[in-house]
Amino acid sequence: MRLTRPARRPHSETIIALIDVVFFLLVFFMLIGRMDATAPFEVLPPVALSGRDMPAGGATLSVAADGALALDGVPVTRDGLEGALTGLLDRDAEMLLRVNAHRGAELRHVLPLVGLAEALGVRDVVLVVTPETGQ
């Protein structure tokens, strides 16, 4: 008596390799992606003569050359800024505020913002500057 073996089926393609590729792409884009909110307008900070690395965390207040404002990348008016900062402080009383002002912005646009933040109870305000290039 001869027994015949059933024909072998070809292995179905596994999806594991595709999952690995998608995972590596996800990790790659997370590493190269910018995790900080960007302003809806161009901001070129002034050049610093000395300074330290910028601390992480907190909120970013961007000031355009013409005085336009954005808080964490969302345009905001001067009147709406106080309410927005108060809302952020309600969530995190130890919040750090970075002021990222364009180098062409007049000081009269920037200094009142620092005073407002201090009056609302922001403990730390950091002014963002560009490190000096060795000339």
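**Entry 1: the helix pair**

In which hand does H2 pass H3, left or right? I looked down the pair and found a right-handed crossing of H2 over H3. One thing to keep in mind for this and every later entry: I am working with a predicted model.

I then took the geometry of the pair. The angle between H2 and H3 is about 35°, and their axes are 10 Å apart. On the H2 side, I listed Arg78, Leu81, Glu82, Leu85, Thr86 and Leu89 as the residues that meet H3. Their counterparts in H3 are His109, Leu113, Leu116 and Leu120.

**Entry 2: the overall inventory**

I stepped back to count elements and got three helices and seven strands. Read from the N terminus, their order is α-β-β-β-β-α-β-α-β-β. The protein has 135 residues, and 24% of them are buried. I also checked how far contacts reach along the chain: of those between residues at least 6 apart in sequence, 73% join residues at least 24 apart.

**Entry 3: the sheet**

Next I traced an open sheet of five strands, and I wrote down its order as E4-E3-E2-E5-E6, with mixed pairing. Strand E4 (74–76) and strand E6 (124–127) are the edge strands, each pairing on one side only. On average, neighbouring strands here are turned by 25° against each other, direction ignored.

I went through some of the pairings individually:

- E3 (residues 69–71) and E4 are antiparallel, with three bridges; here leucine 69 stands opposite valine 76 of E4.
- E2 and E3 are also joined by three bridges and run antiparallel; serine 62 faces alanine 70 of E3 across this pairing.
- E2 and E5 run parallel and are joined by five bridges.

The hairpin of E2 and E3 has five residues between its strands. Within that hairpin, I noted that glycine 67 has a positive phi near 95°.

**Entry 4: how the helices lie on the sheet**

Which strands does H2 lie across? I found H2 (residues 78–91) across E2, E3, E4 and strand E5 (96–101), and it runs at about 15° to E3. H3 (residues 107–120) lies across E2, E3, E5 and E6, running at about 155° to E2.

**Entry 5: strand E2 and threonine 60**

I wanted a closer look at E2, which is mostly covered: five of its five residues are buried. Ala59, Leu61 and Val63 point one way, while Thr60 and Ser62 point the other way.

Why does threonine 60 count as buried? Its relative accessibility is 5%, and the cut-off for buried is under 20%.

**Entry 6: phenylalanine 41**

Where is phenylalanine 41 placed? I found it in the loop between helix H1 (16–32) and strand E1 (47–48). Phenylalanine 41 counts as partly exposed because its relative accessibility is 22%, and partly exposed begins where buried, under 20%, ends.

I set aside the neighbours within four places in sequence and listed the contacts of phenylalanine 41: Ser62, Val63, Ala64, Ala68, Leu69 and Ala70. I also took one distance from phenylalanine 41, to alanine 65, which is 24 residues along the chain; their C-alpha atoms are separated by 9.3 Å.

Phenylalanine 28 is partly exposed at 43% relative accessibility, whereas phenylalanine 29 is exposed at 52%.

Definitions and conventions
Residues are numbered from 1 along each chain as its sequence is written. This is a predicted model: local features need pLDDT of at least 70, side-chain atom pairs count only at pLDDT 80 or more; totals for chains, interfaces and linings use all residues. Side-chain values use heavy atoms; hydrogens and water are left out. Helices (H or I, at least four residues) and strands (E, at least two) are DSSP runs, numbered from the N terminus. Buried means under 20% relative accessible area, exposed over 50%, partly exposed in between (1.4 Å probe, protein chains only). Contact means heavy atoms within 4.5 Å. Two strands pair if DSSP finds at least two bridges between them. Axes are lines fitted to C-alpha atoms, for helices over the stretch in contact, and angles run from 0 to 180 degrees between N-to-C directions. A crossing is left-handed if the near helix is turned anticlockwise from the far one by less than a right angle, and right-handed if clockwise.
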